[in-house]
Amino acid sequence: MQPSDLKEQNFDHYPPEARALAVENLATLRRVPFALLPVLLCEVIDYDWRFPAEQRALDRQFAYLRELSPSSFAALMAPFAGILLPPKFAATDWVNQPQRFSERLSTDLWSTLQIDAYRKAATQYQNRLQAATPEKAPAVPRFAIVVVGQGVAQTSLPLFRPLRPHGTLFTSVQPEHGLDRLVQFMNQRAADHPLAYSHWYIDGGIPIADCGSRQGITLTSYSALAAAALEELNLTNKFVEQAAQRNAANAETVQSFIAALGLEDLGLERNVSDRVLRHFEVKVLTEGAGTQVFSTTFVQWSAREALRRAQPLTLLTRYAPRQRMAPMDELLKRNPLQQATDAEGSLIDADMGAYYTWINQSRLPGSEDARFLVWYEGHSVALAIAPSMARAATSDEHADMDKILGWMT
């Protein structure tokens with residue numbers, strides 16, 4: 001089947017909102033080149049499980065495509081129309097399994113030396129979309145908070161070194177009640193700006209009790225998902241063993257298997273009060289490298305994906321000690337919550353994770369007005385980045401968390 005053959009009934013197996021979106025834009029979909037259409041359908045088929053920011057972006061994309069003149073549409077799609085695909089691709093169920101098509105597409109593009117042309121076409125397409133359908137800056141500044149060093153009594157590490165050129169390093173922070181104050185600050189922002197999926201709390205261990213039940217807070221934690229992560233590892237190990245017996249075990253087949261895992265496979269279907277968040281968590285565990293094994297990687301990747309996909313106004317991430325390193329075959333088989341932990345190594349991970357979080361926040365609309373705070377939990381060292389804070393500065397002024405937050409806001 002070719003794009004021009006699409007009919008409404010081809011989308012009967014899509015979730016309700018996704019089907020409605022596809023049917024509404026059927027005339028546009030029929031005109032999209034085969035090399036791009038299934039990739040676009042990967043976004044459409046998950047529409048019901050996407051965050052509001054993602055849904056708005058997809059709605060804007062279709063509105064933009066609908067409004068283009070025939071000649072402008074053809075010019076935009078010409079690079080994709082020039083990609084040559086084998087006839088067997090059209091025989092696959094690319095409407096209902098667009099993700100599998102995309103995986104095969106990548107392999108074919110590499111083998112036919114068309115990958116560079118495709119990447120160029122995709123970059124041009126995204127640049128045109130971003131220029132024509134820009135995301136507006138938020139009404140209030142974004143605020144990201146990263147808490148590191150849980151369980152580390154002291155360290156000789158030069159913390160926050162990559163971030164120091166961008167903000168003020170405080171060396172005399174009063175740590176008493178600091179974590180409580182940060183939680184209160186997040187809860188207050190959620191109460192003042194009650195928007196869905198706009199206030200996130202991500203914990204690498206057991207969440208702080210005062211956050212889990214708060215209305216308006218999107219909460220995910222490694223401790224709550226450790227059983228699902230272990231189930232993913234068990235299923236993957238079993239698949240690899242069976243595939244090896246058939247001489248069919250390779251990176252592509254394993255990746256396809258993991259990507260196809262869903263809520264039911266990981267035991268997450270029992271808690272479906274928030275299917276959007278559950279699907280997000282599945283993506284974190286099945287697409288992130290090491291998110292199943294290390295709690296620090298889980299926090300860093302979850303923060304990255306939350307910022308990229310949900311674009312929250314408030315983000316609080318708290319790192320906890322991860323399990324100790326071990327040979328990979330051992331890491332992929334053991335329960336991460338039943339192992340000895342490495343607090344010092346976790347601090348190194350978290351320090352770099354904080355830098356990555358700042359980078360990812362800086363990519364969002366309104367980044368010039370965003371605030372970022374990282375704190376060595378229970379200690380006197382913190383770093384603040386905000387329009388009101390001096391860059392590449394150090395302050396030894398005694399200040400509690402309330403005062404620092406006040407200076408930043």
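Q: Between which strand and which helix does the loop holding H177 lie?
A: A friendly note to start: this is a predicted model, where local features need pLDDT of at least 70, side-chain atom pairs count only at pLDDT 80 or more, and totals for chains, interfaces and linings use all residues. Numbering starts from 1 along each chain as its sequence is written, and side-chain values use heavy atoms, leaving out hydrogens and water. Helices (H or I, at least four residues) and strands (E, at least two) are DSSP runs, numbered from the N terminus. On that numbering, the loop of H177 lies between β3 (173-174) and α8 (178-192).

Q: Is H177 buried or exposed?
A: Buried means under 20% relative accessible area, exposed over 50%, and partly exposed in between (1.4 Å probe, protein chains only). H177 has a relative accessible area of 63%. That value makes H177 exposed.

Q: How far apart in space are Q97 and A354, C-alpha to C-alpha?
A: Q97 belongs to the loop between α5 (70-81) and α6 (98-111), and a relative accessible area of 37% makes Q97 partly exposed. Q97 and A354 are 257 residues apart in sequence. In space, their C-alpha atoms are separated by 36 Å.

Q: Which residue has its backbone nitrogen 2.8 Å from a polar atom of the side chain of S346?
A: S346 is part of helix α15 (residues 343-362) and is buried, at 5% relative accessibility. Leaving out residues up to four places away in sequence, S346 touches T296, A320, P321 and R322 (contact means heavy atoms within 4.5 Å). The backbone nitrogen in question belongs to R322.

Q: What separation do the C-alpha atoms of L285 and E232 have?
A: L285 is in helix α12 (residues 275-287), and its 0% relative accessibility makes it buried. Beyond residues up to four places away in sequence, L285 touches several others, including L225, A228, E232, L266 and F298. L285 and E232 are 53 residues apart along the chain, while their C-alpha atoms are separated by 8.0 Å.

Q: What is the radius of gyration of the protein?
A: The protein has 16 helices and 12 strands. For 409 residues the globule rule gives 22 Å, and the protein comes close to this, so it is as compact as a globular protein of that length. The radius is taken over C-alpha atoms, and the rule is 2.2 Å times the number of residues to the power 0.38. The radius of gyration of the protein is 23 Å.

Q: What percentage of contacts between residues at least 6 apart in sequence join residues at least 24 apart?
A: As background, buried residues make up 49% of the 409 residues. Among contacts in the protein between residues at least 6 apart in sequence, the share joining residues at least 24 apart is 72%.

Key:
Polar contact = N/O pair within 3.5 Å; in protein donor to acceptor, adjacent residues only side chain to side chain.
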